[in-house]
Amino acid sequence: MSIAASHDHSLTPRAGRLAAELDAWDRRTITLAELWPLFARADPASSTRPTRRLDLAATIAALAEAGVVIPSKSLDRSAAPPLPIRLTLPAPTATASAAELARAVPWRPELAWAATARLTVGQIGVLQTINGWLRDRGRDRDVLPLRERSLEVFGYEKRLDALIGTSLFGPGRLTLDLLRTFRAHPPLPVRHVGSGPILLVVENADTFDSLSRVLPGTATNVGFVGWGAGGAFEASVLSVGELPDVRDIAYFGDLDADGLRIPAAAATAAAAEGLPAVRPAYGLYRLLLDCCAVQHGQPPVEPQRASEIAKWLEQLALPARTLLVNGQRIPQEAVSARVLMDAAATWAEDL
């Protein structure tokens, strides 16, 4: 049944937001237990309303009428009203109903392209939410960071993060400028330890503290030591441009899959922004390999994948690959403050 035949108006904002959440669902079916968190994101205020279950029932009915979901005949009758215990999502190839729905929406001029674009029902729901925001706030001049804007528009601060990589964004479609927003670069915590041009970024907090204490008394070209905070460095690397006189970025982390994936991703981000290359702190990695016992019990990494992960280490890629294939790792904390002080002559000259 077509939307035009059964539904001559667009989805309500709440139904549209839930449709957008379902559009990102990775299976054709979703249980009622799985649906509740999605509904909470689509309608955050519902969590405090006594009509929460009634609201979900009405939203499911609207989505079913629009052809977005197919409710199961089996019902959860533990409370009133009864709710389907499972929803089935139509095959993604069924786009005719979505096209009819898109043509029925009175789009703002900035979103006029949506009437003729190939979109899913979930994407139309996203655009309807933005359409309403542009109608109400389109003349404002404020510019907010991405997650503040996302919370304002969608009621969920990470929604725009997920949408930026989709086909909704691009030339002639959604842009950060249209939404008056920008990606705020998370700060990179740093300590000034010398006058050299090297920024040494350290994955974990304890090793960051140890190097912060050892470096001032050691002859190196390190000017700053930074705490990467694990995977946060993939984004905070973009703040390096705010540090004066940094011309070289060296990184030291755990010798395991995540510890090597993080700097490789940061290196890609830095290159895209014209920042100095993120390279290995060879002296510290050699010290880690030479003096420290390996830990066992990691999931072994398939050899080809291990080669790809270890590639960032360049001249030390082979021993790192061997660790990954054998299901081993060496945490950077193995080079404690004592080890760093005792072996300074072996690692300080090779940063």
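A residue is called buried when under 20% of its relative accessible area is left, and exposed when the figure is over 50%. In this predicted model, buried residues make up 45% of the 351 residues in the protein.

The chain forms 16 helices and 12 strands. Its C-alpha trace spans about 80 × 45 × 40 Å along the principal axes. How does the radius of gyration of the protein stand against that of a compact globule of 351 residues? The protein has 26 Å, while such a globule would have a value near 20 Å.

Some overall values are set out below.

| Property | Value |
|---|---|
| Accessible surface of the protein | about 17200 Å² |
| Share of that surface belonging to carbon and sulfur atoms | 54% |
| Distance between the mean positions of the positive and negative charges | 8 Å |

As for contacts between residues at least 6 apart in sequence, 69% join residues at least 24 apart.

The largest nonpolar core has 57 residues. Which of its residues touch the most other members? They are Leu-200, Leu-211, Phe-233 and Trp-347. Neighbours within four places in sequence left aside, Trp-347 is in contact with Leu-211, Val-214 and Leu-215, with Gly-283, Leu-284 and Leu-287, and with Leu-340.

Definitions and conventions
Residues are numbered from 1 along each chain as its sequence is written. This is a predicted model: local features need pLDDT of at least 70, side-chain atom pairs count only at pLDDT 80 or more; totals for chains, interfaces and linings use all residues. Side-chain values use heavy atoms; hydrogens and water are left out. Helices (H or I, at least four residues) and strands (E, at least two) are DSSP runs, numbered from the N terminus. The radius of gyration is taken over C-alpha atoms; the globule rule is 2.2 Å times the number of residues to the power 0.38. Buried means under 20% relative accessible area, exposed over 50%, partly exposed in between (1.4 Å probe, protein chains only). Contact means heavy atoms within 4.5 Å. Accessible areas come from the Shrake-Rupley method with a 1.4 Å probe; for residues, only the protein chains shown count as cover. Lys and Arg count as positive and Asp and Glu as negative; His and the chain ends are not counted. The place of a charge is taken as NZ of Lys, CZ of Arg, CG of Asp or CD of Glu. A nonpolar core is a set of buried Ala, Val, Leu, Ile, Met, Phe, Trp, Tyr and Cys residues joined through side-chain atoms within 4.5 Å.
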